[in-house]
Amino acid sequence: GGSNVNFNIDMTLPFLIKNETNLRLVHRIDKSTSGILILAKTKDVAREITYQFKSNIIMKKYWAVVLGKPKKNKGKVIISLAKKKSAGLEKMVADPEGSNYAETFYKVLESKKDLSLIEILPKTGRKHQIRVHLQSIDIPILGDNKYYIRDKKLHNIKSSNLHLHAKEIKFILNKKKYFFDAKLPRHFINTMQLQGFNEKYYL
């Protein structure tokens, strides 16, 4: 759900029911983000997975193609976030003095020309956390038309698709380990091919 969304994931769930199982959405990703989304088949599982997300127990790994390259090849961003309205639009902004603590780890996998492939592990799960945190260290995500103020030096590199992908999720449920990995979407792969990234990352 959200602004300009007329048909959301919750509305599709009744069409996915099998054997009278009610599916429950237990976490969310931005509407423009590709990758893994978890649905629970029972109330007990939904309650446990929701708790693990809120407690930051679940390991989430994202990949992003960003503009530029960070000063360090790996590090973390710790900046609280807050909602702010500007020109009638609601956005999340960095709020160093705020109470909504947010922490994101990142690592550069490869840099080519004016772009970098970044691996991201968000320790917390604030709304638009990855997008705002990366923008705050001057490496905005390619295709993020909500948070990226275009740099004239990079005017030739643009995309209408957000290059942020929920790639992996790991968690333990009833003493069983679960691991999910989602393949990169076509627009992500096309960008990497065009910019000459190592094919080991997308083949």
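Visitor: What share of the 203 residues of the protein counts as buried?

Guide: In this predicted model, 42% of the residues count as buried. The cut-off for that word is a relative accessible area under 20%.

Visitor: Why is Arg 131 called buried?

Guide: Arg 131 has a relative accessibility of 9%. Buried means under 20%, so Arg 131 counts as buried.

Visitor: Where does Arg 131 lie, and what does Arg 131 touch?

Guide: Arg 131 lies in helix H3, which covers residues 129-136. Leaving aside residues up to four places away in sequence, Arg 131 touches Asp 30, Ile 141, Asp 144, Lys 146, Tyr 147, Leu 162 and Leu 164.

Visitor: How do you know that the protein agrees with a compact globule?

Guide: A compact globule with 203 residues would have a radius of gyration near 17 Å. The protein has 18 Å, so the value agrees. The C-alpha atoms fill a box of roughly 55 × 40 × 35 Å along the principal axes.

Visitor: How many helices and strands does the protein have?

Guide: The secondary structure comes to 4 helices and 11 strands.

Key
Residues are numbered from 1 along each chain as its sequence is written. This is a predicted model: local features need pLDDT of at least 70, side-chain atom pairs count only at pLDDT 80 or more; totals for chains, interfaces and linings use all residues. Side-chain values use heavy atoms; hydrogens and water are left out. Helices (H or I, at least four residues) and strands (E, at least two) are DSSP runs, numbered from the N terminus. Buried means under 20% relative accessible area, exposed over 50%, partly exposed in between (1.4 Å probe, protein chains only). Contact means heavy atoms within 4.5 Å. The radius of gyration is taken over C-alpha atoms; the globule rule is 2.2 Å times the number of residues to the power 0.38.
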